[in-house]
Amino acid sequence: MGCPKRFTVSFLAFLGFLILFGFRTVITIIMIYVIKDNDNNKATLFKECTINGTVFDLQLDWSVATSQYFNTAYFMGQVIFQLPGGILAVRFSPTKLFGGAIFISGGCFWVLAFLMKYSPAVVFVTRFIQGLVEGICLPSMGSVMSAWAPKSERTRIVGFSYSGIYLSITVASMITGTTTCYVSWNAGFLIYGSFSIILSLFWLCTIYDSPTLHPSMDEKEKDIFEKDGSHVKIASAAVARNIPWIQIFLSPPVWVLFLVNFTRSWVLATMMTEIPQYFADVFQLNVASIGFLTGFPPILLSVSMIISGILFDKLIKREKISVTFGRKLAISIGEGLAGLGTAAYLVNPVDLAPQYSSVLVGLVRLGLLGAVTSTAMAGAIRQKNAQSWTRILVITGSIHLFSVICFAIFGSGKEQEWAKSGYTRIKTPEKEYIRTYGSTSETPQVETDTSGIKYKNDQKGHEPILNISKQQLQSK
């Protein structure tokens, strides 16, 4: 339709994250509704749910702690497959991995929609499987962004794509909150499962691993990637064999990026899986009201992500600040405005190692242990009072502040020496036929005769590449 291909990739990635990360909020909202232990029928902005007592209703005699351990199972699955997912994205097609993961995870939601009510073991196993397949998504997207985000647009493209992660809280909260109350307890599962399967098929049919592989890219966009692209090699066994593991593990910027991901995973898990329970415990709100209220903060966060991407790209392009300073400034401001922090930690793997960004993402995303720890901690500390939630939130804020200080000291935005790869052209240069002196054969390869002189064939005839006079040629 004339839209630049890199923007199509970014938009579909945005939708992918909008759905994938919405899964977490969907199941949290549904659990608040179906578990009898929750007392969330206080009259608020929404009337009491109308499906109570009908065939579309479901009440389970499970504890809140059980539902929080479902989240722990999910995050454990993600942790296990982060680094393997990064390696797979170097070896195989990252776009196929991303699309396939969305498809499988969406199918798991259909399973939950019909089988969840029979046993908590079904939920536990299904969430673990979702965690495993979704563990591939962010590392594989690191490879996709390395190929499709030109350096001068890197922050805004990555920022917009990943803003779907945070906006997912808003969309999933509002959709699941209202449909659970007024349609069916499993409506959120069915809606998100269906959309994920449709999107995955569309992604697999339209997105390519690299601009070099796209069959219909126009010349103007090819010029952009030729001049400003990362020029990464396409995933292959040879690229996977040459991953510089020792240099990666000895890199201070990589380790501090791991710390930041640990912290942000902790904070995000708290926002997406614990705050809805906070509203239920402290304010006794019903599920529709919780979905409505938890949906607003992520909107500001997503908007700040997009704005910060545009802002920092312009500052770096105009050489007002360096890439390193820009990343440190973003993460520091992001202590108060979380969306700006994404202009640092989500983009940084592509800064440090474009060729191996999926591996770096997989490695630093082991910081999902922060999400595992936060959900387990919440399950242990949480009680139906404000005091327990105060402790949870103070611990979360303190860890966040510590990681910001560490990144400001040890973080970097420079491409590391060990990460530099060979150059890959997106545009095919005009053929230069090289001719050996004294020969009548033409070949597109550069050849040298015994005299050491190289010749090229152009419209004017055969001329030496080197600036040598005719007298010198005759003497040769």
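**Aromatic pairs, a nonpolar patch and a buried arginine**

Phe 17, Phe 21, Phe 98, Tyr 162 and Trp 203 are linked by ring pairs into a cluster. Rings of Phe, Tyr and Trp (its six-membered ring) are taken to pair if their centres lie within 6.5 Å; planes under 30 degrees apart count as stacked, those over 60 as edge-to-face, and the rest as tilted. The structure is a predicted model, in which local features need pLDDT of at least 70 and side-chain atom pairs count only at pLDDT 80 or more, while totals for chains, interfaces and linings use all residues. Residues are numbered from 1 along each chain as its sequence is written, and side-chain values use heavy atoms, with hydrogens and water left out.

By the ring rule, the count comes to 19 aromatic pairs. One of them joins Phe 17 and Phe 98 in an edge-to-face arrangement, at 5.7 Å centre to centre and 75° between the planes. Phe 17 lies in helix 1 (residues 5-20) and Phe 98 in helix 4, so the pair ties together parts that are 81 residues apart in sequence. Helices are DSSP runs (H or I, at least four residues), numbered from the N terminus. Phe 17 counts as buried because its relative accessibility is 0%, and Phe 98 counts as buried at 0% as well. Buried means under 20% relative accessible area, exposed over 50%, and partly exposed in between (1.4 Å probe, protein chains only). A further edge-to-face pair is formed by Trp 185 and Phe 189, with 6.3 Å centre to centre and 90° between the planes. Both Trp 185 and Phe 189 are buried.

Tyr 69, Phe 103, Ile 104, Phe 124, Val 125, Ile 129 and Leu 201 make a nonpolar surface patch of about 610 Å². Such a patch consists of residues with over 30% relative accessible area and no salt bridge, with nonpolar side chains (Val, Leu, Ile, Met, Phe, Trp, Tyr) joined within 5 Å. Areas come from the Shrake-Rupley method with a 1.4 Å probe. Helix 4 (94-115) and helix 5 each supply at least two residues of the patch, and the largest share, three residues, comes from helix 5. Phe 103 is placed in helix 4 and counts as partly exposed because its relative accessibility is 39%.

Arg 127 also lies in helix 5 (residues 120-134). Arg 127 is buried yet has no salt bridge, and Glu 134, the nearest side chain of opposite charge, is 5.2 Å away. A salt bridge requires a side-chain nitrogen of Lys or Arg within 4 Å of a carboxyl oxygen of Asp or Glu. Leaving out residues up to four places away in sequence, Arg 127 touches Phe 23, Arg 24, Ile 27, Phe 70, Asn 71, Tyr 74 and Phe 109, where contact means heavy atoms within 4.5 Å.

Definitions and conventions: Lys and Arg count as positive and Asp and Glu as negative; His and the chain ends are not counted. Patches are made of residues with over 30% relative accessible area and no salt bridge: like charges are joined within 9 Å, nonpolar side chains (Val, Leu, Ile, Met, Phe, Trp, Tyr) within 5 Å.
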